[in-house]
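Visitor: Could you walk me through this structure with some questions and answers?

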Amino acid sequence: MREDEFRDRLRDALGEPPPMPAPRFGPAPSTPRLYPRAMGLVAFALAVLLVVVLVASRLTFHTRSQVLPAATPSTKVAQPALDSFPCYLPVQMTQEAGNQGQRGTLSSTAGFINLPDGNFTADTHAAVTDLPGPADRVPGTYSVKLHRWLPASITDLSPDGLSYLYVKQLGSAGSELHVVDTATRADRTLWTTSESAGFWSWNSAGILVSTSPPNGGIGHTWRIDPATGTATAASQSEIPGLPSQLLVASLGGGPWGTSGTDGVHLVLRQGTAEQGTSYSIFIVEGGAATKIYSGTNGDATDFYPEGIYVDAHGFWFGNHDGTRMWLWKQESGLRDFKVTGAPPAPAGYQFYFVTFYPAGPCIPGTFAGSGA
Amino acid sequence: MRETARGERNELPPPRIGKDGVTARGAIAGADADDMFEALVAPLVPAAQRLAFAMLQNQHDCEDVVQEAAFKAWRALPKLQDDSNLRAWFLKIVANECRQRRRSRWWSVVKFASPRDEPALAQSDENEASLDLRRAVRNLPDEMRLAIVLRYYMDSSFDEIGAVLGVSAPAAKARVHRALVRLRVEIPEVSDDA
């Protein structure tokens, strides 16, 4: 897609703002719509009340929430029981190269990083085109059970890791929820809707899907039975991110952003990336947040996580500049592994960036480059 | 209607206060500060509204954010540096207010975190590709979405994006690239050539 075409598509997608009144300049205005002192006091009181409620709820229900439970294997994919080294970590490597004012190039490669030495090797057997899925599918997760890459993220996998789902959008005709059985490669249309569908999670309680009318209106949340395709109305409060987002709202302390999720955990960065400013990294799970790092942008550690995968070793993260992988475990804290083996910068580009995203559990042994 | 809106956007005056142009404090000095402030900032309001709308996709939130940004900009006037780029400075305040809005209102956070897309403005000609792209942009982390919006929705230069994000122009370029990579997860055709 050309840059101009992308601009047009983005503007179509986001739309143009409707006519709006100009803001009032100068000191706090006195009209009821615009920040009168009374409304400010009410807002302040409500904010205090909200904070009290949130803090109280945390104290009540999460008195130990500053400490996450010990890292446990993901429920999505069976994890190797061993947590020792050497092991090889599945990763999705993204490469970006570009010049100022010109279009850049982007590519994705699946492979493994041998740890603890940190050498990356591309997996020549990573193709996923033999499996059904969305158009232009790429390897997203490595399955130890199946000994192969899957065209799905960890959040798309069934609880037993043997199936994955994807949403097929049918334009004005609605959406289809597809389930793929990796054993038979059968692509089953599980559920159809006349609305636009988005997928939330797949756990033992079923598949949580939200839909919205294509031209706007009130959306719905559904829980789909993965065996029968039966849909039952669900509450929006069942959406996995809700408790975490509430907690995030209670943390305070400046701008924040997420830099990874596996459907259970959320990696939260609080603070900007501006050099010299302070920031913190949290892992949020089930309404509780654990601060795993606090530092200053550009300091000696400069922990800037990208992605997340949890296995018996702990919590794996990439780093935004591709130089390191990180492992965090409550008992041992944060540990980094220097990564080598990334392709050199292609000639003719001013900028070149590599990032490794963890895409599976660290598998005992060493990857020799001939398929896992 | 959309074409008209685009036309209006294209007819917006270029930034009056640029990297090599008149600096904010210098222009304000010697005049009635309030009047001058309004004279300088008012032309930037359409850009601020577009940025807020692209980030929040909600008219009322957008109005509130721009109003709050204007008020905070007025209050922060004494802190302006002589070499401040007023447009970038004001857009940065707007961007911060957008972040604050999303952070402080859990229902907004849920709305933006949700895969559900409830178009703020119903468009009869809106196709599924637009819905997918809007969903993908909304699912981006704050700074990535801001970088994409500034570059491809606001037509900002990397210098301006860097000024709004608080990073260098090359770093801003990297942010845009990184955001495109992230977008590609959901919209595979986006990043290859964009």
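Predicted model: local features only at pLDDT ≥ 70, side-chain atom pairs only at ≥ 80, totals over all residues.

Visitor: Which residues does A:Val91 touch, not counting residues up to four places away in sequence?
Guide: Residues are numbered from 1 along each chain as its sequence is written, and chains are lettered from A and ligands numbered from 1 in the order in which they are written. Contact here requires the C-beta atoms of two residues, placed from the backbone, to lie within 7 Å. By that test A:Val91 touches A:Gly111, A:Phe112, A:Ile113, A:Phe356, A:Tyr357, A:Pro358 and A:Ala359.

Visitor: In the largest nonpolar core, which residues touch the most other members?
Guide: A nonpolar core is a set of buried Ala, Val, Leu, Ile, Met, Phe, Trp, Tyr and Cys residues joined through C-beta atoms within 7 Å, where buried calls for 20 or more other C-beta atoms within 10 Å of a residue's own, exposed for 12 or fewer, and partly exposed lies in between, with C-beta atoms placed from the backbone. The largest such core has 64 residues, and those touching the most other members are A:Tyr88, A:Leu89, A:Val91, A:Ile113, A:Trp316 and A:Phe356.

Visitor: Which strand gives the most to this core?
Guide: Helices (H or I, at least four residues) and strands (E, at least two) are DSSP runs, numbered from the N terminus. With 5 residues, the strand that gives the most to this core is β1 (residues 87-98) of chain A.

Visitor: Is A:Trp316 buried or exposed?
Guide: A:Trp316 lies in strand β18 (residues 314-319) of chain A, and beyond its neighbours within four places in sequence, its contacts include A:Leu89, A:Ile308, A:Met325 and A:Pro358. Its C-alpha atom is separated by 9.0 Å from that of A:Cys362, 46 residues apart along the chain. Because 30 other C-beta atoms lie within 10 Å, A:Trp316 is buried.

Visitor: What is the order of the strands in the open sheet of 4 strands in chain A?
Guide: Two strands pair if DSSP finds at least two bridges between them, and the pairing in this sheet is antiparallel, in the order β17-β18-β19-β20. The edge strands, each pairing on one side only, are β17 (305-311) and β20 (333-338) of chain A. Strand β19 (residues 324-329) of chain A and β20(A) pair over 6 bridges, and A:Trp328 stands opposite A:Leu334 in β20(A).

Visitor: Why is α4(B) oblique to α5(B)?
Guide: Axes are lines fitted to C-alpha atoms, for helices over the stretch in contact, and angles run from 0 to 180 degrees between N-to-C directions. The axes of helix α4 (residues 45-56) of chain B and helix α5 (residues 59-75) of chain B come within 9 Å and cross at roughly 135 degrees. That makes α4(B) oblique to α5(B), because angles under 35 degrees count as roughly parallel, over 145 as roughly antiparallel, 65 to 115 as roughly perpendicular and the rest as oblique.

Visitor: What is the omega of the cis peptide bond that joins A:Phe85 and A:Pro86?
Guide: Most peptide bonds are trans. A:Pro86 has its place in the loop between α2 (37-61) and β1 of chain A, and the cis bond joining A:Phe85 to A:Pro86 has an omega of about 5 degrees.

Visitor: Does A:His147 count as buried or exposed?
Guide: A:His147, in the loop between β4 (141-143) and β5 (148-150) of chain A, has a positive phi of about 55 degrees although it is not a glycine. With 11 C-beta neighbours inside 10 Å, A:His147 counts as exposed.
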